[in-house]
Amino acid sequence: MAENPAPFLLLGAAVILAILARSLVPWMAAYPADWVMPLSHWTGAAMAAFVDVSKPFFRVVSLVLTWPLDLLQQLLTWVPAPVFILLSALIAWQAAGWRSLMLTLFTLLYIWVAGYWTQSMNTLSLVSIAILLAAVIGFGFGVWAYRNFTVRSILDPVLDLMQTIPTFAYLIPILLLFGFGPVVGLIASAVFAAPPMVRNTLLGLQRVPSDIREAGLICGCAPGQQFWWVDVPSAMPQLKLGINQTTMAAFAMIIISAIIGGFNDIGWEVLSNIRRANFGDSILSGLVIALLAMSLDRITLGLAGQSDAAQGGGPQGGAVQAHRLSRRDFLFAAIGAVMLGAICSLLMTRLSITPQGRLMGLSESINAGLAYVTSTYAVFLNGLKASLLYFAILPVKIGLERVVTPFSWGFALTPPVIAAYWTLLAAAALAAARYRSMTAGTAIFVIGCFLYVGTTGMPWLAVVILVTACAYRCGGWPVAIFALVSQVFILLAGQWQQAMISVYLCASAVTLSIVIGVALGIWGAASDGASAVLRQVNDTLQTIPQFVFLIPVLMFFGVGDFTGLLAIILYAVVPAIRYTEHGLRQVPAAQIEAATAMGCTRSQILWQVKLPNAFPEILLGINQTILFAMGMLVIASLVGTDGLGQQIYIGLGKNDPGMGVIAGLSLALIGMIADRILRAAAANRKTALGIV
Amino acid sequence: MIKLACRNLWKVYGRRPGVYFDTAGYRIDPPALARRLRDERHIPAAADVSFEVEEGEIFIIMGLSGSGKSTVIRCLSRLIDATAGEILLDGQDLLAASPKELIQIRRHRIGMVFQNFGLLPHLTVRENVAFPLKTQGVALAKRHARADEMIRLVGLDGREDAYPRQLSGGQQQRVGIARSLAVQPELWFLDEPFSALDPLIRRQLQDEFLRLQRQLRKTVVFVTHDVLEAVRLAHRIAIMKDGFIVQVGTPQEIVLNPADDYVAQFVADVPIARVQYAADILEPLPSPGDHPNARPVVAASANLEQVMESLGNDFSAATVADTDGRPVGIVTLNRILQILGRRGGTPSGRGQLPGGHMKVVS
C-alpha cells in the first residue's frame, strides 16, 4: 500500500495544533459570538411576513378540515363500544387472520376497560382523516412525479429533507399558519405522513413490468384505462405498503402534535401524565398507543400482504388469503357484528354493567411497585447510571481531561499520565498506519484526540477540517463541499455549541447502538431461532411511536442525558440489528463453502469472510441508525437533554419560529452529512468487493 | 397478398435523432448513416429495415439480443415510435395514425404475446383473456363467453378462475396466447413467446402454436433468438444484426445458402436434415416392375430427419409419394448420407451445397 502519508500527517498535525492553540487563541476555543449572523432572526421575520399574507387562506383550510374531523369524532364516540369492537375485530380478521383479530380485540377491550375510550376514539378519528389526506396527497404527488421528470428531480431532495428534518421542526410553521387546535395536529400528521406515500406510489408505478404495460397498450387501452386498469392495479402491493407506512407515520406524529394541539386525545393523555410524573397512568395510556399502533400495523400490512398473495406473493400470503370472506359474506358478517354489538350494549345498559374503571387501582399499584423497585435496586440502578456516565458518556461529551479526577476514576490527570496517554495513542495510531492503512491510523488518532478533549471541547476549526477531509476521502469533492457548506451554515447560525452537544449525544447513542446491534445481528444471522425472536422485538420497537420509549426509561432513571441516551438506543438499535443480520445472511454460500473447504474455523469464517462481505450493508445500517437517532434526539430533549433538540423545543415553547426552524435545519444538515459520507463509503466498499 | 409491409424503418436512440431524417437523403447509403450515427453517439436500434409479410404467413425475425429484433416488432405495433420509415397495414400507414385511430387498430386488428407473458396479476385467467374486449366496452356476459371460448381453444378449461400466479409458466403463456387472440386480430405479433419456458414446455407450445395457426391463418410476425425454433416454425426468416436485416429467406435458403459468415455461424447448429426435403433429392423409381409399397412411403414435403426415421434399421430406400399418394420417386440412404456428409466437413465448403442439390433435381 503505497499511500502518500503527507495528507494524513498534515491532518493529524492540524488537529494537534488546534488543540494546543485553543488556550492561547480565544476564537479557536469557541466560535466568537460576533461572527454569528442573525439567521434565526431573519428566518423568523421572513416567516412572519409570509404568514401575514397567507394566513387567511390557511385558516380557511383549517376551518374546512374541522368539519369532517368533528363529524367523525362525533360518530366514533356515538357508536357503542361493543359495536365498534366487534366490527374492528371482524375487519382485522378479514385483513390479516386470527392473530390480528386477537390483538385488535385485546387492544380495544383494554382501552375500554382502562377507561380511555373517548380519548382513543378522538385519536382514531384524527389519524383516519390524516391518513386519508396524506394518502390522497401522496398519491397525487407520486403520480405527478412519475409522469414528469422535472417534478421528480425536484421532489426527490425535498422528500429527503422532509424525512431528515426532525418532526418538531414541522410543527413550528404549521402552528404559525394554521393556529392552535386539533386541526394543527391533523395537518402536521398528514404532512409528515405523506412522503412515504409519494415514494411508494412513484416506486410502484416505476416498477410495473414493461410487458404488462405493453400488454395493456396492445389490448387497446385508452390513456385513462391504461392508468386505472393496468398501472394502478399492478402497483397496488406497493401502494398498500405505502398506506401502511403512512399510517404508522401519522400515528407517530399524532402523539408529538399533542404537544401543540393537544385536546382530549390519547397523545395528550400520555403527555400530561408524563408531565405530572404519574408513571402508573403514563404506562397505562402509553400502552394504549403502543397497542393501537401495533393493531393498525398488522391490519394494514395484512391488507398489503393479501394483495401480495393475489399477485404472486409468498406462501404466507396464500395462507392469509385462505380464510377470506367474499365481499357479500363479509357484508353479512359485518351486519351481524353490528347487531350483536348493539344487543350487547343494550343489555349492558339495562343491567347497568360498565367495564370502565376496572383498572382504577392498577395505576397506583404500578406506582407503588415502581417506587419499591427503584428504592430496592437503587444501588444497582444508580451504579449502572454512574459508571456509564463517568466512563463512557462524559468522556465523549467533555473529554478525559475534565472527567478524570480521583473522585470518579480514582486517579488524577497528572502530566506523566497525560504523557502516557498520548504516547500510547501515537503508538497505536502508528501501528495501525503501518499494518492496516493510513486511514485506520488516522482514525485511531482522531478518536483519541476526541476522547481527550471531548466532543464539546474540540476546537470548531479542527472539527470542520476533519469532517470535510473525511467527506472528501469517502465521497470526493461533491460530498466534501456539501459538508463544508453545511458546517459553515451551522457556525454562522450560532448553533455550533448546541450542535456539538447533539453530535456527542448522537455519537454515544449510535456507538452503543452499533455495538449492541451488530452483536445481536451476528447472533441473529447465526441462529434462526434468535432471528425469529429478534424480528418480533424489532417489529415491536419500530411500530411503537417513539414517544412511548421515554416512559419506562424515565421511570427508572429520571431526567437527564442518560435517560435520553437509553431512549435513543432503544429506537436506533433496530436498523443496526436488521442490516447486520441481512448483510451476513446474504454473503454468498459459495464463499462460505470455499472458506470451509480451506479449513477455516467458524470464527475465522465470521471475521474474515462474512463480516468483510457484509460490511457495506452494515454501513448502511449505521447510516439508518444515525438518522433514527437524530429523529429521536428531539423527542429525547423532552426528558432534559441539551442540544439542538432542546433548541427546537424551546423555539416551540417561546413561539420563536426562526430559532426552532434554524435549529431543526441544523440537525437535519448534520444528519445529511453523516448520510452522504456513509453512503459514499458503503458504495466504495461495494464496488471494491464487486457487489453492486 | 401483402398484409403488412415495413419500408426503410429506422429507430434511433440519442439526443437528437430526428435531425438525421429531415430529408429523404437518409435512404441513399444506410450503412454509412449508421456509422455516422454511432460516431455521433446515437444508437441505431433498427436501421433501414424493410420486409413484407404475406397474409397468413409466419414471418420470423431472428437475431441475438441487441440486434434490434424486439425494437422492430415494437415499432410495428407502435409500442415505440419509429424515427423514420413506413409501416403499411393493408396499405394504410400506421406511423401516420392518430392516437385515437391507433387505439382502434390495436383494439380490433392486432394481438400480441410477450416474453414474460404480461398478464395482469390482479385479474383471473378469464378476466385477463377478456381484458382486450373490456377496453372496447364489450358487455360483461358477452366478453366472458368469448374468453371462455378462447381458453378452451388453448386447452386451459377448468382454470378460468385461477390467478396468473397460480399457473405454471407454460400455462401462463397459454393465457397470453388466448388473450392475444380474443379480439380475432388479423395481425398476430409474438415477441420471444417461448424463450422464458423450459425446453420441454417450449416444444409443446410450439406444436400448439402451429396447430392454432393452421386453424386460424393469422398473419404472424414472430421474434426469437432460437434458430431451431425459427427453422421449425417459419415460412420465412429475417436475420438481424446491429439493427440491419442481413438476410431474408425461407429456412432452407438461409441454412443452405447463408449470406455471410455471421449468418453461417448463426445457423451452424441447424441439422441439414431438417431443412432438406425428400423432394429435393428425389431419384427416379427403379423400374416398372418395382413394388413401391415394399418400401416405407414418405411425403414429398417430409424432411430428411423424418425420412430417416421411417427408414429405421431395415431399409435403405423409401418411396416418395405426392399429395395424392402416387409414387413419384425414391430417396436412398446413400444419397442422404452423401448430403449430410458434405456439411460435416470444412465450414468453408458449406457454400457449395446448393450446387449439389440442384444437380439432383435435374
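Student: What does helix 1 of chain B lie across?
Tutor: Helix 1 (residues 30-39) of chain B lies across strand 1 and strand 2 of chain B, at about 150° to strand 2 of chain B. Helices (H or I, at least four residues) and strands (E, at least two) are DSSP runs, numbered from the N terminus. Axes are lines fitted to C-alpha atoms, for helices over the stretch in contact, and angles run from 0 to 180 degrees between N-to-C directions. This is a predicted model, where local features need pLDDT of at least 70, side-chain atom pairs count only at pLDDT 80 or more, and totals for chains, interfaces and linings use all residues. Residues are numbered from 1 along each chain as its sequence is written, with chains lettered from A and ligands numbered from 1 in the order in which they are written.

Student: OK, what's the strand order in the open sheet of 4 strands?
Tutor: The order is 2-1-4-5 in chain B, with antiparallel pairing. Two strands pair if DSSP finds at least two bridges between them. Strand 2 (43-54) and strand 5 (92-93) of chain B each have a single partner strand, so one side of each has no neighbour in the sheet.

Student: And how many bridges join strand 1 and strand 4 of chain B?
Tutor: Strand 1 (residues 2-13) and strand 4 (residues 84-89) of chain B pair in the antiparallel sense over 5 bridges. B:Arg7 stands opposite B:Glu86 in strand 4 of chain B.

Student: What about the open sheet of 3 strands?
Tutor: That sheet has the order 11-12-13 in chain B, with mixed pairing. Its edge strands are strand 11 (297-299) and strand 13 (327-332) of chain B, each pairing on one side only. Twist from one strand to the next averages 40°. Strand 11 of chain B runs parallel to strand 12 (residues 317-321) of chain B, joined by 3 bridges.

Student: Switching to chain A: how many helices and strands there?
Tutor: Chain A has 29 helices and 0 strands. Its radius of gyration (over C-alpha atoms) is 27 Å, close to the 26 Å that the globule rule gives for 692 residues, so chain A is as compact as a globular protein of that length. The rule is 2.2 Å times the number of residues to the power 0.38.

Student: Which residues have the most contacts inside the largest nonpolar core?
Tutor: Those are A:Ala130, A:Leu550, A:Ile568 and A:Ala629, in a core of 197 residues. Helix 29 (residues 657-689) of chain A gives the most to this core, 16 residues. A nonpolar core is a set of buried Ala, Val, Leu, Ile, Met, Phe, Trp, Tyr and Cys residues joined through C-beta atoms within 7 Å. Buried means 20 or more other C-beta atoms within 10 Å of the residue's own, exposed means 12 or fewer, and partly exposed is in between, with C-beta atoms placed from the backbone.

Student: Why does A:Phe562 count as buried?
Tutor: Because A:Phe562 has 20 other C-beta atoms within 10 Å. A:Phe562 lies in helix 25 (residues 561-585) of chain A.

Student: Last topic: how many residues of chain A are in contact with chain B?
Tutor: 19 residues of chain A are in contact with 21 residues of chain B. Contact means C-beta atoms, placed from the backbone, within 7 Å. Helix 10 of chain A supplies the largest share of chain A's side, 6 residues.

Definitions and conventions:
Two residues are in contact if their C-beta atoms, placed from the backbone, lie within 7 Å.
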